[in-house]
Amino acid sequence: MSTATFCPLTVSGGASPSCHGQEESIPVSQSLPSLPENKNPQCLSGPAMQKALTAWPTLPAWVRALAEACDGQSLRKTASRCKVSPAMVSLAINNRRENWDFIKSKVENSLMVSMMPCPVLGVISSQRCEQEQKTPFSAANPLRVQLYRACHNGCKHFKGVQK
């Protein structure tokens, strides 16, 4: 019977062969737990994380989150979650471009929880902020009017063209 190794230090028993020198073998025939994003900062042995550590002189937090997500799920699922192509995720992990602003914001908005102040709604997630910015103007709802005006008239988080 073949066996798989698990890192006993990862959250939810995430797969991570020999990352701490401590291995716990379990039979492969047993059902393996789902692999969430790796939350343990000591456990850096997934293939995507190893590529990122090799490619980047200093690993930015957003690349670390991207590599952890790829190791926990798959590259394709992570790309879908970030709304970018799998090729772009691979390029980011392997540091194959000069300007990363586009994917950095996508990763931060989808994989890293960040909250920001909204003058109309209060404290909201960056995903919600981005969603509200993309919503077209509608005079039917007073809240929509307030949000549209707040976003388009000088909000520092607005990513479109200011009016």
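**A predicted model in questions and answers**

Along the sequence, the elements of the protein run β-β-α-α-α-α-α-β-β-α-α. This is a predicted model, in which local features need pLDDT of at least 70 and side-chain atom pairs count only at pLDDT 80 or more, while totals for chains, interfaces and linings use all residues. Residues are numbered from 1 along each chain as its sequence is written, and side-chain values use heavy atoms, with hydrogens and water left out.

Reader: How many helices and strands does the protein have?

Author: Helices (H or I, at least four residues) and strands (E, at least two) are DSSP runs, numbered from the N terminus. By this rule the protein has 7 helices and 4 strands.

Reader: What percentage of the residues in the protein is buried?

Author: Buried means under 20% relative accessible area, exposed over 50%, and partly exposed in between, with a 1.4 Å probe and protein chains only. Of the 163 residues in the protein, the buried share is 35%.

Reader: How many salt bridges does a search of the whole structure find?

Author: A salt bridge is a side-chain nitrogen of Lys or Arg within 4 Å of a carboxyl oxygen of Asp or Glu. One of them joins glutamate 68 and arginine 64 (3.3 Å, N to O), which are about one helical turn apart because they lie 4 residues apart in helix α2 (residues 61-72). Across the whole structure, the search finds 4 salt bridges.

Reader: Is glutamate 132 buried or exposed?

Author: Glutamate 132 meets arginine 128 in a salt bridge (2.9 Å, N to O), and the two are 4 residues apart in helix α6. Arginine 128 has 36% relative accessibility, so it counts as partly exposed. Glutamate 132 has 9% relative accessibility and therefore counts as buried.

Reader: Which residues are linked with Glu132 in a network of salt bridges?

Author: Arginine 144 is found in helix α7, and its C-alpha atom is separated by 8.8 Å from that of glutamate 132, 12 residues apart along the chain. At 16% relative accessibility, arginine 144 counts as buried. The residues linked with Glu132 in the network are Arg128 and Arg144.

Reader: Which element gives the largest share of the lining of the second largest pocket?

Author: On a 1 Å grid over the protein atoms alone, a cavity is a set of points where a 1.4 Å probe fits but cannot get out, whereas a pocket is an open set with protein on both sides within 12 Å along at least five of seven lines; lining residues have an atom within 4 Å of a point. The second largest pocket holds about 170 Å³, a volume being the space filled by probe spheres set on grid points joined across faces, edges and corners. Its lining includes Glu130 and Lys134, whose side chains meet in a salt bridge (3.4 Å, N to O). The largest share of the lining, 4 residues, comes from α6.

Reader: How many charged residues does the lining of the largest cavity have?

Author: The largest cavity has a volume of about 40 Å³, and its lining includes Pro117, Cys118, Cys129 and Gln133. Ala, Val, Leu, Ile, Met, Phe, Trp, Tyr, Cys and Pro count as nonpolar, Asp, Glu, Lys and Arg as charged, and the others, Gly among them, as polar. By class the lining has 7 nonpolar residues, 1 polar residue and, for the charged class, none.
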